[in-house]
Structures are given as structure tokens and as C-alpha cells.
Number of protein chains: 4
Amino acid sequence: MTVTVPDALRQEVLEANLAIPAAGLATLTWGNVSGVDREAGVFVIKPSGVSYDRLTARDLVTVRLSDGAVVDGDLRPSTDTETHRCLYLAFPSIGGVTHTHSTHAVAFAQARRDIPVLGTTHADTFNGPVPCTPNLTPEQCAEDYEYNTGRVIVDMLASDDDRAAEVPAALVAHHGPFTWGSGARKSFEHAVICEAVAEMALRTLELGSPVTPPRHLLDRHYTRKHGPGAYYGNP
Amino acid sequence: MTVTVPDALRQEVLEANLAIPAAGLATLTWGNVSGVDREAGVFVIKPSGVSYDRLTARDLVTVRLSDGAVVDGDLRPSTDTETHRCLYLAFPSIGGVTHTHSTHAVAFAQARRDIPVLGTTHADTFNGPVPCTPNLTPEQCAEDYEYNTGRVIVDMLASDDDRAAEVPAALVAHHGPFTWGSGARKSFEHAVICEAVAEMALRTLELGSPVTPPRHLLDRHYTRKHGPGAYYGNP
Amino acid sequence: MTVTVPDALRQEVLEANLAIPAAGLATLTWGNVSGVDREAGVFVIKPSGVSYDRLTARDLVTVRLSDGAVVDGDLRPSTDTETHRCLYLAFPSIGGVTHTHSTHAVAFAQARRDIPVLGTTHADTFNGPVPCTPNLTPEQCAEDYEYNTGRVIVDMLASDDDRAAEVPAALVAHHGPFTWGSGARKSFEHAVICEAVAEMALRTLELGSPVTPPRHLLDRHYTRKHGPGAYYGNP
Amino acid sequence: MTVTVPDALRQEVLEANLAIPAAGLATLTWGNVSGVDREAGVFVIKPSGVSYDRLTARDLVTVRLSDGAVVDGDLRPSTDTETHRCLYLAFPSIGGVTHTHSTHAVAFAQARRDIPVLGTTHADTFNGPVPCTPNLTPEQCAEDYEYNTGRVIVDMLASDDDRAAEVPAALVAHHGPFTWGSGARKSFEHAVICEAVAEMALRTLELGSPVTPPRHLLDRHYTRKHGPGAYYGNP
């Protein structure tokens, strides 16, 4: 049975995928974005290994949340589809997921280090370090590998939806960043910011022993953009 | 009461804002430029959180210097508006202010280090290191945070307009660069140069223990572009 | 005697060459891609020192595999032609070769270090480190220098076609990367990936003592894209 | 008296200047290229402080080699004009000069270090390290500063035209690179290569203690592009 999702969702997912190479976050076909339709119980995701310059809305694949079955689309979905599905199931508040292999975020993942909070650029979006998972076990790699890639993120965050909302990004050890948000576009923006703060953090560390920013500064920045007292942006 | 500023000022502020992403100094909606009309007692600034690719002159917001009230425009002004206002009030000679989160300048801010003077590229524009402020206190963060962000710059420069003119840039600790100039365009150019010299300085430091350039070389470069004996450029 | 190759091959070689500057892998006229026609016993390669912005399919040069003689084309072939020829002769399974002086891969070559496997980005394509050759001897430099540049790669891989397929890239000491693949386009893609993983590796090393990724993770990534169990991509 | 130079020279100088920002070597109005007409005893150079996007052939300034007098053009020539003139007078074989503040070459200049020869990319063009001058003395800065900036290069090369031809680039301490060549275009290409090899060298040094490449490899690369046995390129 084919499940049809609103055109607006397909369009948002398409545009967020196309924004990845435009933002310099992807090499070749790397990277993927999805967006969920909670009511229909499905999400829409990029097909596997299709080059960005010939990607159209028609190529997107619709996948059922409950079991990962393809319910619309002619192509095979991204190999990372099961990771997206795992995150959607664990964190009910998220509406979009993005995965990239952006250079500096990958460097932290390869060094198996969190991206530390060194300034307001980070605190504007992420209320704490972007955490890096431990390694997947041989068993987690042997079967349901992609689902387990989501699993190590979910376990690291203790399946806590609030934590996922406060720091909408994680690094999978020796792999790279996954980010999420209220929708596909927001998850993409968090991927952009994750890479930007990773690069800034790396450059800061190059300048010598890191200096811890004061907690009151970070809190101020996070809360001016998030929560009931937020006053950033225009409707 | 609506205050109307000359179209030329709005145009200059618009163009300087649009030049930020074109120069690679901004991610997403980050960064903002303003320009002041001293006679009218107002300045024009980018609205908060509007994406650069749909920013028009109509979106700009006019703010009163004396109290920060919006006197023209439908949108909320940049969250950094009060920082701009503080700088305009403290330094009567400046006509434009730019704020970015450019990567290398932020790295120095996050390391809480001045950008040192290592060569003529720096000395051509900045007559001394680009200084980094101390941290804001908890009190400065708790109330009037954005105004106090300007305050720590003003205090660092001892409210000295001449010092502000000689080094038209500062780093706010764990935040990023603010630059200024005779107008909006000039303040933007100083943001570009601040980032360029920050990157050069970081690369130089990577090459080992820094070598101090001779004072006579730096003075020569600064004075050939500034002051009565300047001979750089064309009218 | 002129040997004519299929237009499709010439077109693929042309496009792969033009993709080099577009991908930021080349400065000026540096870099070259070739594609082979095993049946005709020839390969098609970029001419020497021609700038990318005026390169056309007509300029490509066809060279005989057995002796390196030019069998079609008005221009002199790339100075690296003999290196390509050596690789085609040693590794019967390869259909395309790319050479670049991309920055980070060259940095590893200049440091005479392999590009280590630090994560899945690397393991997705290369089943092991990208190895760096020893120096060419004075004799290898004195005569048939370009052919010997291929020779040191072939010797390092013990003339093993399987090894060449598992890690389709090598660094020539103090020179730079050569990559190969099933065709011209694939060899170019491997050049892109070689540069990307070199940059990621360098940034990871900047973050401190490297952490070895678990073998089971790397194997999983390599085998999901290669071999009988591969499930990445769309036909 | 106005001296008219061939249109082809003005066009080459214009294009070489416009190529500077296109190659990412310049910030704002920084950088300049000139080309000489030895017979007419003049050279053509970029005006001072004019932005690249409105630079036309009309804006170029013609300067007399013997005394630096402007003999054609309405604008003031580049402030670096006297440096160019000094190099033309000292090295009769050169036909073009380029000056930039490209990031990595400046980093070496600011660290007062030569760009070392670490591989064939360097040796293809520069037959030895790109040398960095000592500091200018207070006297050299006080009077005829720009001419003396050329003077320290000429002195470092012992006024040896052959040395200038073998390594057509130099770094002025705490300032940046000057490059030259048979004409304006060639001097620009050497500026591009100088920046590329500076970046590669810096990245190589990041990877640890540098490894010296064997002399026979470097010689081979230099001689295959230069001198009677050269076999690179097409006519």
C-alpha cells in the first residue's frame, strides 16, 4: 500500500537535501536528510547513492516508521535510513534528521571527542557539548548495523527526549555527525551549526590550552534563543 | 513617531549586510551591520534572524540612539542592537558597526586572546593588537546583556574615541568580533580584515614561536594609510 | 596508424578531467585523468599543460598501452602519461587513473606518511590505509622517471591486482596521490575521497593522539559498499 | 609626455589583476600585478586602492622605469609601484611582477621563515626554497620605503638575475610574497603556486618533523619543466 505524504513535506526534504552540498557539507553523494509525518507514521528520505545534481522530489523514498518498509518510491532509500528511523522512534519531539560527513565534525568523531562548548556560537544552539558515542560493539555492527548506529546515540542520551531537544546533535564514534530538529530544514541547520562550531573549536584548541567560558554567558545565549523567554528572530 | 533616514544610508546598510555572506563571514542568519545618522539621532540595522537571501531594504529597522526604541520598521531589530547602540554612544566618531561570528576571529575570542600584530597586513588597518575583553560578570549577563556586551568593549578601551579609531575592532570573550568604522561599509571591511588577520595569525602561530615584527615597519604601514601623511588609495 | 576510441570514452575522460578543477583539486593546469579501452589496447588522456577552461574532447590524446606511442591527437600527452600506462599494465582490472596535487593528500605524501584509517568515511572506499611509496632511487629518477613513478606504486602493492582494487589510491613520496577505478569517472571520485579523508585525518591528528577505530566497524562499512553483500546505492 | 603601451600588454596586466581575486589570493583591494615594456622603458600597474569589480584597462597606470614618474593614466598607481620598479631594474629578465597578501605565504613571511622544498609541487616551479628577507632597517623604512622593500629582495638574491629566474618568488619579512616571471600572467601564476606550496608546506609541517625529499627527485621535476631538456606542456 502506497502512503502519500503532503507535497510540502516532500519539498522541504528535497530542499534540505539540496542545501547540503550548497553549504559545503558533502562530498559526492554523501549526506542525507529526512522529514517525518507523525500522523501518517512515515518519513521521507533521500535515496541511496543518488548524486545531488539530479535529485528530484520524485526520487525521495517514503518509509514506514514502525518497521522500515518502503511505502512509496521507486528507489532504495539511503543506507542510513534505519538510523533515522531509530531516532524518530526514540525521540517523539523531532521532525527531521540530517546526517553528513562534514570535515571538522568528523574529525572530532574520529578522535572520539565531544565538541566542547567554547563560546556563544555553540551555546546559541547547543545547550552543552555535542557528545560523541562510544564504539559500537562487534554485535551491534554484525546485525542491524544502521539501526544500532541510532541506538548508540539513543543510549548515550538515555532515551531522554528533553536532552535530545537541548543538544540536537551527536557524533557517532569514528563515523560522523547526526543532527535533528523540529523538521527537515531545522535538522539541516543544526548540521551546518555543528560543523561551524566544530571548526571553531578545533581552531581554538590550536591556540593552546582551552579556556572555559563562564556558565552564565552560555546560559544567557541559549535562553535568548530557546524557551519561554526567547527573544531572538522574527515570526 | 516614525523617523525617516536617507535612502543612501539604508542602501549602504543593506549592501553591507548582504556583503557578509558573500565574504564568507556568516553562517545562516548570523552577523549584522548597522549605520548611524547622527543628526537624526538614529541608526539602521538588520532585523533579527532574517535570512540573507530574502533581506530587502524594507526589512531594515531604524532605532533611536538615546533609548533603543524602534522608530521605523515592521520587524524586530537584531538581538545585538543594544551592543551597537552602546558603541555609537561611547564613540562619537564611528558611523557603522559590524558583528560577525567569523571562524578565526571567534577562535581567538574563544581562547580569550588578542589577535597579535604579526605583520603589515594587520598594521595596514589596526594600529595595535585586536584586543579581547574580559568575561562579562554574572550581573552583566543577567540584565541588559546586549548593552553590557558593548560596555565591556567600551571599558576595555577606556571610553577613548581615539583608541577606537586606531584599532576599529574588538573581540568579546567567548563570543566574537565587533568592528566599526566611519560608516556601515567601512565597518564591514574591518570585519573582513579582522578575520583575514586572525587566520594569518593563527597560521603563523602554527609555524612555531612567533617573531615580533619591528615597530618601524608597522608604523610605516599604518601611517601610509592613515593620518595626514597617508598616500594609499585614490579619491 | 590512428586508433579511434568510442566517443563515450572520450566524453567520460573529458568530463572527469573537467571535474578536477570544479572539485577544487587542481591549481592551474595541474592534474590529469585517463580512461582505458582494453580491447583496443589504448588509453585516452589529457594533453600536457593545457588549461582546463579551454580543454575540449578534441585535445585529448590516445596512447598505445604496449609502448606509449601516441596513436591519435595533435597535442603532446600529459607528462604523467607513462605513470598511467605503468598502472594499466600492472593492474588489469582498472579502467581509469587520476593524478592530482590536492593539498592534504600531498601533505601526507610530503611527510612520507600513509593516510591512516580513522573512520568510516575512509573505510567506505579504502579497505586499509592509503599507502605512501618509498623514495624513487637516483636511477629511477634518471631514466624513465614517469614510468618508474608508476613502478614504485606497483612494487609497493607487490603487483597485486586485488590489493589495488581494495585500496584504489596511493601516495608517491614527496609527490602526491594517484588513484584509479573501474573507469575514468570512478578514478576521479577516488581522488576526491582521497583528498577528503586526508583532510579529515589531518584534522583528527591535530586533536591529539589518534584513536584506532574498531576493525568490525571498518569492515562493516567497506563490505556494505563492496563485494557480494553490498547494499549501498541505486542501480 | 604620455607614453602609450601596446593594448596587448594592458590587457594582460588587466586580466592578471582580475585573476587575483578569482584565485582567492586577495581580500578587498589587496594585491597588484604589473607588466613591463622594456623597449618603451615603462611598466603598467594597477591603481592604488581600486576595487577589483570596477577595475578596467583605462584605470591602469603607466610608470617610467628610470624614475617612477607616471607617464599615462588618471589615477595614482599602486603604493607598491616602487617595489615593482626596483625589481624590474635589478632583474633584466623579468617581464611581470605580482604582489599578494595570500594567507599561507604571509604566514611564512610573518614567521620569517623560508617556504621549504618538501615535494615536487614546489620543485616543478621553484628551484629551491622561497626565501624570506631579513627585516628592513629603520632607515629603509623611513625613506623610500617601497623601493627599499624591493631592495631587500634584490640584496638577498645578490642582484643575481639567474637566481631570480630559478626561484621567481620571495617573501618580505612580516609582509608577504612578491613573485615575478617572463610577463604579467606568469608572475601571477607564480603567486598562485607560491600560495599553494606554502599551504602544502604548512600542512606537512603539521604532520610532524619534516622529511627532506631527495635532491634527484627535485632536480628531475625542475628540469622537466625548465631549461633545454624541458618536455612539459604544449606550444
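Tutor: Start with a rule: helices are DSSP runs of H or I with at least four residues, numbered from the N terminus. By that numbering, D:Glu143 sits in the loop between helix 5 (138-142) and helix 6 (145-156) of chain D. Keep in mind that this is a predicted model.

Student: Why is D:Glu143 called exposed?

Tutor: Exposed means over 50% relative accessible area. D:Glu143 has 58% relative accessibility, so it counts as exposed.

Student: What does D:Glu143 touch, leaving out residues up to four places away in sequence?

Tutor: Contact means heavy atoms within 4.5 Å. By that test D:Glu143 touches B:Arg220 and D:Asn148. As for D:Val36, its C-alpha atom is separated from that of D:Glu143 by 25 Å, and the two are 107 residues apart along the chain.

Student: Is D:Gly208 buried, partly exposed or exposed, and how do you know?

Tutor: Buried is under 20%, exposed is over 50%, and partly exposed lies in between. D:Gly208 has 30% relative accessibility, so it counts as partly exposed. It is found in the loop between helix 8 (184-206) and helix 9 (215-225) of chain D. From D:Ala57 it is 151 residues away in sequence and 47 Å in space, C-alpha to C-alpha.

Student: What makes B:Arg203 buried?

Tutor: The cut-off is under 20% relative accessible area. B:Arg203 has 3%, so it is buried. This arginine lies in helix 8 (residues 184-206) of chain B.

Student: Which residues does B:Arg203 touch, not counting those up to four places away in sequence?

Tutor: A:Arg203, B:His104, D:Thr103, D:His104, D:Ala107, D:Leu202 and D:Arg203. For B:His221, 18 residues away along the chain, the C-alpha separation from B:Arg203 is 21 Å.

Student: Why is helix 2 of chain C called largely enclosed?

Tutor: Helix 2 covers residues 81-90 of chain C, and seven of its 10 residues are buried, so the rest of the structure largely encloses it. The buried ones are C:Thr81, C:Thr83, C:His84, C:Arg85, C:Cys86, C:Leu87 and C:Tyr88.

Student: What covers those buried residues of helix 2?

Tutor: The cover includes strand 1 (32-37), strand 2 (42-45), strand 3 (61-64) and strand 5 (96-99) of chain C. Helix 6 (145-156) and strand 7 (176-181) of chain C are also among the covering elements.

Student: How many helices and strands does chain A have?

Tutor: Nine helices and seven strands.

Student: How is the size of an interface often given?

Tutor: As the accessible area lost when the parts come together. Between chain B and chain A, the buried area is about 3,000 Å², with 57% of it from carbon and sulfur atoms. B:Trp30, B:Gln110 and B:His174 supply 20% of the area that chain B buries against chain A, more than any other three residues.

Student: Which residues of chain C lose the most area to chain A?

Tutor: The area buried between chain C and chain A is about 3,000 Å². In chain C, C:Met200, C:Leu207 and C:Asn234 lose the most, together 22% of what that side buries. The contact takes 31 residues from chain C and 38 residues from chain A.

Key: Residues are numbered from 1 along each chain as its sequence is written. Chains are lettered from A and ligands numbered from 1 in the order in which they are written. This is a predicted model: local features need pLDDT of at least 70, side-chain atom pairs count only at pLDDT 80 or more; totals for chains, interfaces and linings use all residues. Side-chain values use heavy atoms; hydrogens and water are left out. Helices (H or I, at least four residues) and strands (E, at least two) are DSSP runs, numbered from the N terminus. Buried area is the accessible area (1.4 Å probe) that two parts lose on being put together, summed over both. Buried means under 20% relative accessible area, exposed over 50%, partly exposed in between (1.4 Å probe, protein chains only).
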